[in-house]
Amino acid sequence: ENVYTGQLNDFAGKTADNFTLFDAGLVSSPYVNVKIVVKGELTSKVSVAVQGASENAIAVIQKAGGSFAKTPRATVAEWAPQYRDRSAVPHHRPHEV
């Protein structure tokens, strides 16, 4: 699932990973493959740790003072404790841009 650079400003000074993006309603679940693509302006320093990003998105993240780390997709066994019981996973509406 794609997440846009402009959506990362809410994570200023934090790490944006599968779980924090899911908690923010930007992806449908924390175990999907996430790719960062350029759309919108990124003005905040953010550490990003997801499965992929376009070259331009990485450049935008670094220009804003942040960093990008490619990480493997999370599996159910790696879910944060609050998500191990699938019935406890909150259901988010798709994020509208």
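**Putting labels to the test**

Modeller: The side chains of Glu1 and Ser28 are joined by a polar contact of 2.3 Å. The model is predicted.

Biologist: What makes the pair Glu1 and Ser28 a polar contact?

Modeller: The distance is 2.3 Å. The cut-off for such N or O pairs is 3.5 Å, so the pair qualifies.

Biologist: Where does Glu1 lie, and what does it touch?

Modeller: Glu1 sits in the segment before β1. Beyond four places in sequence, its contacts are Leu26, Val27, Ser28, Val32, Asn33, Val34 and Lys35. Take Val32: it is 31 residues away from Glu1 in sequence, but 6.9 Å away in space, C-alpha to C-alpha.

Biologist: Why is Glu1 called partly exposed?

Modeller: Its relative accessibility is 38%. Buried needs under 20% and exposed needs over 50%. Glu1 falls in between, so partly exposed is the label.

Biologist: Why does Ser44 count as buried?

Modeller: Ser44 has 15% relative accessibility. The limit is under 20%, so Ser44 passes. Ser44 belongs to the loop between β3 (35-37) and β4 (47-50). Its contacts beyond four places in sequence are Asn9, Ala12 and Ala64.

Biologist: And Ala16, buried or exposed?

Modeller: Buried, because its relative accessibility is 0%. Ala16 is part of strand β2 (residues 15-17). Outside four places in sequence, Ala16 contacts Leu8, Phe11, Leu21, Val46, Ser47, Val48, Ala49 and Val50.

Biologist: Which sheet holds β2 and β4?

Modeller: An open, parallel sheet of three strands, in the order β2-β4-β6.

Biologist: What makes β2 and β6 edge strands?

Modeller: Each of β2 and β6 (67-70) pairs on one side only. Between neighbouring strands of this sheet the average turn is 15°, direction ignored.

Biologist: What is the order of the strands in the sheet that has β1?

Modeller: That open sheet runs β1-β3-β5, again three strands with parallel pairing. Its edges are β1 (2-4) and β5 (52-53), each pairing on one side only.

Biologist: How do you know that β3 pairs with β5?

Modeller: Two bridges join these parallel strands. The rule asks for at least two, so the pair counts. In one of the bridges, Ile36 has Ala53 in β5 as its partner.

Biologist: Which residues touch the most other members of the largest nonpolar core?

Modeller: Val3, Leu8, Leu21, Val34 and Ile36, out of 18 residues. At least two core residues come from each of α1 (18-23), β4 and α2 (55-63).

Methods:
Residues numbered from 1 in each chain as written. Predicted model: local features only at pLDDT ≥ 70, side-chain atom pairs only at ≥ 80, totals over all residues. Heavy atoms only, no water. Helix = DSSP H or I, 4+ residues; strand = E, 2+ residues; numbered from the N terminus. Buried < 20%, exposed > 50% of the residue type's maximum accessible area, 1.4 Å probe, protein only. Contact = heavy atoms within 4.5 Å. Axes fitted to C-alpha atoms, helices over the stretch in contact; angles between N-to-C directions. Core = buried A, V, L, I, M, F, W, Y, C linked by side-chain atoms within 4.5 Å. Polar contact = N/O pair within 3.5 Å; in protein donor to acceptor, adjacent residues only side chain to side chain.
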